[in-house]
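Subject: Structure handover

Hello,

Please find the structure below, with the sequence beside it. My notes follow it, and they are meant to be read with the model open.

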Amino acid sequence: MPNTKWKAFEELVKKIYDIFLSDYEKNVKHDIKIKGKSGLEHQVDVFVEIFMPVLTIKDIIDCKHWNSKVKKSDVKEIYTTRDEVNANRATIISRKGFQSGAIQFAKFNGFNLYKILK
């Protein structure tokens, strides 16, 4: 039987965003492909659009259901994806936390990093 805990983790994150943003007009999707500026497709675990009167905020969320801390190279990867798909924000949600280099890179580049237990 394949391990599907990662998928349940992603679905939990989507549900949290649906609930947290219940007062806003929004679009929250799980496991989608977005075509980037280069023409390449990028897989996004959770995609959130929040519609406001004067702007739309787009956030890509990468869910890491790993047994180790997220590395700087993983944060750099979502940095590239954020720019490629014209998202305003990028968020990484981890089960085990983040290495110090990942935290430093994320802070400098304005990423949201969250650790939740599941």
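Helices (H or I, at least four residues) and strands (E, at least two) are DSSP runs, numbered from the N terminus. The expected span of a helix is 1.5 Å times one less than its number of residues. The model is predicted: local features need pLDDT of at least 70, side-chain atom pairs count only at pLDDT 80 or more, and totals for chains, interfaces and linings use all residues. Residues are numbered from 1 along each chain as its sequence is written, and side-chain values use heavy atoms, with hydrogens and water left out.

Helix H1

H1 covers residues 5–20, which is 16 residues. From its first C-alpha to its last, H1 reaches 22 Å, close to the 22 Å expected at 1.5 Å a residue.

Which residues of H1 are buried? They are Phe9, Glu10, Val13 and Tyr17. Buried means under 20% relative accessible area, exposed over 50%, and partly exposed in between (1.4 Å probe, protein chains only). Seen down the axis of H1, the buried residues fall within an arc of 100 degrees, so they line one face of the helix. The arc is that of the directions from the helix axis to the C-beta atoms. An α-helix has 3.6 residues a turn, so residues three or four places apart point the same way. On the other side of H1, Lys5, Lys15 and Ile19 are exposed.

Contact here means heavy atoms within 4.5 Å.

Lys64 in strand S3

Lys64 is placed in strand S3. Is Lys64 buried or exposed? Lys64 is buried, with a relative accessible area of 10%. Leaving aside its neighbours within four places in sequence, Lys64 is in contact with Phe9, Val70, Asp74, Ile92, Ile93, Ser94 and Arg95. Phe9 belongs to the buried residues of H1, and Asp74 to those of H2. Between Lys64 and Lys37 there are 27 residues in sequence and 25 Å in space, C-alpha to C-alpha.

Helices H2 and H3

H2 has 13 residues, which should span 18 Å at 1.5 Å a residue; its end C-alpha atoms are 19 Å apart, which agrees. Its buried residues are Asp74, Val75, Ile78, Thr81, Arg82 and Glu84. Among the elements that cover them are S2, S3, S4 and H3.

How do H2 (residues 72–84) and H3 lie to each other, and at what angle do their axes cross? The axes come within 7 Å and cross at roughly 25 degrees. That makes H2 roughly parallel to H3. Axes are lines fitted to C-alpha atoms, for helices over the stretch in contact, and angles run from 0 to 180 degrees between N-to-C directions. Angles under 35 degrees count as roughly parallel, over 145 as roughly antiparallel, 65 to 115 as roughly perpendicular and the rest as oblique.

On the H2 side, the residues that meet H3 are Lys72, Val75, Lys76, Tyr79 and Arg82. On the H3 side, they are Gly101, Ala102, Phe105, Ala106 and Asn109. The residues of this contact divide into 5 nonpolar, 2 polar and 3 charged. For that count, Ala, Val, Leu, Ile, Met, Phe, Trp, Tyr, Cys and Pro are nonpolar, Asp, Glu, Lys and Arg are charged, and the others, Gly among them, are polar.

In H3, the buried residues are Ala102, Phe105, Ala106 and Asn109. Seen down the axis of H3, they fall within an arc of 100 degrees, so they line one face of the helix. They pack against H2 and strand S5 (112–115). The face turned away from them carries the exposed residues Ser100, Gln104, Lys107 and Phe108. Phe108 counts as exposed at 73% relative accessibility.

Positive phi angles

Asp31, in strand S1, has a phi near 55 degrees, a positive value in a residue other than glycine. Asp31 is partly exposed, with a relative accessible area of 44%. Asn86 lies in the loop between H2 and S4 and has a positive phi of about 60 degrees, although it is not a glycine. Asn86 is partly exposed at 49%. Just after H3, Gly110 takes a positive phi of about 75 degrees.

Regards
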